[in-house]
Amino acid sequence: MIKHENELVNQRLGWMFTLQGLLFGSVSFLWAASVLPIMVLGLIGLISCISIGYTLARGLDAIKELLAIARDYKKSLPPNISLPPLIGARRKAVEWLLPGRLLPWALGLGWIAILAFRTVTWRSHLQKLTQIPARPTPT
């Protein structure tokens, strides 16, 4: 079951990278266009980070629960019976550095930065467009 949960986490990371790459590429292609498509794509990127991040966290929590069940089962066995390790890593991972925990936050913050930057630059661009140029004086 741990292998299955791990495969689901890997698939979800793949979905996230594919979608985020497509959205970031679309934003770079549409950067000079109107602000509305950029805002829509940015919100889609941010919402997808939240959604996929939630499912990744659930998958990583499921792995932790399966390891806890196995640990409890191992304690109930007679001392002369030993089981092989379920996961190759002997040390506990730094939880927040795992890709399933860190990358949705990092990409989500990236979308927030893009949305904020585009909003600020769009306002200054709009102000430049609405300024009426001075008429040249006839000579």
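This report walks through a predicted model of one chain, from its overall build down to a few single residues.

## Ground rules

Because this is a predicted model, local features need pLDDT of at least 70 and side-chain atom pairs count only at pLDDT 80 or more, while totals for chains, interfaces and linings use all residues. Residues are numbered from 1 along each chain as its sequence is written, and side-chain values use heavy atoms, with hydrogens and water left out.

## Overall build

Let's start with the fold. The chain has three helices and zero strands, giving the pattern α-α-α along the sequence. Here helices (H or I, at least four residues) and strands (E, at least two) are DSSP runs, numbered from the N terminus. With a radius of gyration of 25 Å, well over the 14 Å that the globule rule gives for 139 residues, the chain is more spread out than a compact globule. That radius is taken over C-alpha atoms, and the globule rule is 2.2 Å times the number of residues to the power 0.38.

The box filled by the C-alpha atoms tells you about the proportions: roughly 105 × 20 × 20 Å along the principal axes. As for contacts (heavy atoms within 4.5 Å), take those in the chain with a separation of 6 or more: 81% of them are between residues 24 or more positions apart.

## Surface and charge

Of the 139 residues, 24% count as buried. Buried means under 20% relative accessible area, exposed means over 50%, and partly exposed is in between (1.4 Å probe, protein chains only). The chain exposes about 10,500 Å², and carbon and sulfur atoms supply 68% of that area. Accessible areas come from the Shrake-Rupley method with a 1.4 Å probe; for residues, only the protein chains shown count as cover.

On the charge side, there are 15 positive and 6 negative side chains, and the centres of the two sets lie 13 Å apart. Lys and Arg count as positive and Asp and Glu as negative, with His and the chain ends not counted. Each charge is placed at NZ of Lys, CZ of Arg, CG of Asp or CD of Glu.

## The nonpolar core

The largest nonpolar core has 14 residues, and Val9, Leu13, Met16, Val27, Leu56 and Trp111 have the most contacts inside it. Two or more residues come from each of α1 (2–30), α2 (35–76) and α3 (99–130), with α2 giving the largest share, seven residues. A core in this sense is a set of buried Ala, Val, Leu, Ile, Met, Phe, Trp, Tyr and Cys residues joined through side-chain atoms within 4.5 Å.

Leaving aside residues up to four places away in sequence, Val9 touches Leu56, Gly59 and Leu60.

Leu41 lies in helix α2 and counts as buried because its relative accessibility is 15%. Setting aside residues up to four places away in sequence, Leu41 touches Leu23, Ser26, Val27, Leu30 and Trp111. Leu41 and Gln20 are 21 residues apart in sequence and 9.9 Å apart in space, C-alpha to C-alpha.

Leu36 also sits in α2, but at 57% relative accessibility Leu36 counts as exposed. Between Leu36 and Thr119, 83 residues apart in sequence, the C-alpha to C-alpha distance is 10.0 Å.

Gly21 is found in α1 and is partly exposed, at 44% relative accessibility. Gly21 and Pro138 are 117 residues apart in sequence and 54 Å apart in space, C-alpha to C-alpha.

Ser28 is in α1 and is exposed, with a relative accessible area of 54%. Ten residues along the chain separate Ser28 from Ile38, and their C-alpha atoms are 8.9 Å apart.
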